[in-house]
Amino acid sequence: MKVQNPTQNRFQYLLEFKQTERKWHFPFLAALCIGSCLFIGYFLGKPNYGALSSLGALTILYFTSAPITQRMIHLAICAFGIVFSFTVSSFFGFNIYFAALSVAVISFLAHFISSYFKIPPPGNFFFIMVAAMASTYKFDLEMIPTRVGLVAMGAILSCSFAFLYSVFIEKSKVVTVPRRSFNKRRYTKFVESTIIGFFMALTLIIGHLLEFKNTYWISIAAVAIMQGRNFEHVRQRNMHRILGTFIGIGLAWVILLFNPEKIIMIVIITVLQFIIELLIVRNYGFAVVFITPLTILLAETASEVHHDVEILMKARLLDTIIGSLIGLAAGFFLHHQQIINKLEKNIRFSYFQFKKLKK
């Protein structure tokens, strides 16, 4: 009988590819939605507008296994959630501490609502992501309606493509990756949402204190790690995120070394989005390898100035490491049952005391 090495088993997940029934044309649909926004922005001479609208186009990633009516209602609600998250955080970007507070509130609501209604993956992720990004944009009150409008247009485009796809191609139910659901006590969702909100605010404040330029990269890395089902899964995603980012930075460096035109960058981003959607349900670490250059190229496409490649790579890696460690710390609290129980007890006590005072 062959005895397996425990260390080998421990790190086997890094190379493990899961089975999935996701069809190839959904990754194509996701790439089409993101790419269309970028191409339209480029040909209109506003590549930064295209990058903004692509945030709203991320709505397509909430495409679910459901009859067409329920599917479109679900997408419309998620589109509203993304636009709402972006809008609220945009108005509080004038001050880092108000921005952190707004992201904390959005993160709380995103997790509480998505867990209450059992929204399947990506769950709260993109609502929190767009909120973090909006809070770090240069504050310009006059530009907020334009930015919100562009995000909303991207969301509408995704919903339109999803409707056409549902009617003409995928009329039956779409098979998605099943996810375990657990029956939680009344206050568990509230406690979890509070923890996530606190740590998301912390990512922005730490990034500000360290004087980082794009602090939302820390936030994105942290919330990605928090998506784990348990602490072991959180730890695995942390390892995936750091290793995947390290390799992905090398890939981004190779691409930027050739100093491609913006139109070539957009083509590459579209292809990367297709590859990511193929891999994300199979191996998170391999998907991160392509997520990293996609985010870097997206930032370069939206920017009107050319950044130093070496500085950009170092900043991205450092942001990811810090964000992953914050996410790991948040995961510890989220999945430490004794801490959750104690916080629930305190909340119940405070609630009953408040009711007594009210009477």
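Helices here are DSSP runs of H or I with at least four residues, strands are runs of E with at least two, and both are numbered from the N terminus. This is a predicted model, so to speak of local features we need pLDDT of at least 70, side-chain atom pairs count only at pLDDT 80 or more, and totals for chains, interfaces and linings use all residues. Residues are numbered from 1 along each chain as its sequence is written, and side-chain values use heavy atoms, with hydrogens and water left out.

Let's start with the whole chain. The protein chain has 14 helices and zero strands. Of its 359 residues, 49% are buried, meaning under 20% relative accessible area with a 1.4 Å probe, protein chains only (exposed is over 50%, partly exposed in between). The protein chain exposes about 18900 Å², with 67% of that supplied by carbon and sulfur atoms; the areas come from the Shrake-Rupley method with a 1.4 Å probe. As for contacts (heavy atoms within 4.5 Å), take those in the protein chain with a separation of 6 or more: 81% of them link residues 24 or more positions apart.

Now zoom in on a serine. Ser54 sits in helix H3, residues 47–57, and counts as buried because its relative accessibility is 3%. A polar atom of the Ser54 side chain lies 2.5 Å from the backbone oxygen of Ala51. Setting aside residues up to four places away in sequence, Ser54 touches Ile34, Cys37, Leu38 and Leu298.

Another serine to look at is Ser102, in helix H5, residues 96–116. Ser102 is buried because its relative accessible area is 6%. Apart from neighbours within four places in sequence, Ser102 is in contact with Ser89 and Phe92.

Note on methods: A polar contact is a pair of N or O atoms within 3.5 Å; within protein, one must be able to donate a hydrogen and the other to accept it, and residues adjacent in sequence count only if both atoms are side-chain atoms.
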